[in-house]
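User: Hello! I'd like to learn how to read a few features of a protein model. Could you guide me?
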Amino acid sequence: MTNEYGDDPVVSSVPGASRGAAIGALIANVIGLCLCFVFTIPGIILATIAIAQADNNPKGSRICTRAAWILFALAILGWPVLWFVVFAPESTAESLNEFFNFFNTLLS
């Protein structure tokens, strides 16, 4: 089949990207933002870009979707670490001090 210029039309061999994963990443990152995971803001931006590029740039859409999911996972996994670093140092130090005092009394 040829077009009006006698050339074969260019047919993309890359299938279109699924918008479902990008929409899921967008929803997950919005929920993460509602739970005060500030680090999900770049995930929201990347998921929105992925949805917009799903038809025109499927490879870029997949990359943005994957990055949005990774940012969401890092926000979820990083929250307990952040909590222990920011909010729990005093109580953690007290607990460790009590443990070492108990251990020292056992050795004495």
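Analyst: Happy to! Let's start with Phe-37, which is buried, with a relative accessible area of 9%. Buried means under 20% relative accessible area, exposed over 50%, and partly exposed in between, using a 1.4 Å probe and protein chains only. This is a predicted model, where local features need pLDDT of at least 70, side-chain atom pairs count only at pLDDT 80 or more, and totals for chains, interfaces and linings use all residues. Residues are numbered from 1 along each chain as its sequence is written, and side-chain values use heavy atoms, leaving out hydrogens and water.

User: How many aromatic pairs does the structure hold?

Analyst: Rings of Phe, Tyr and Trp (its six-membered ring) pair if their centres lie within 6.5 Å; planes under 30 degrees apart count as stacked, over 60 as edge-to-face and the rest as tilted. The structure holds two such pairs. Helices are DSSP runs (H or I, at least four residues), numbered from the N terminus. Trp-79 is partly exposed at 35%.

User: Which residues form the edge-to-face pair at 6.2 Å centre to centre?

Analyst: Trp-69 and Phe-72 do, with 80 degrees between their planes. An α-helix has 3.6 residues a turn, so residues three or four places apart point the same way. Here, Trp-69 and Phe-72 both lie in helix H3, three residues apart, about one turn of the helix.

Note on methods. Helices (H or I, at least four residues) and strands (E, at least two) are DSSP runs, numbered from the N terminus.
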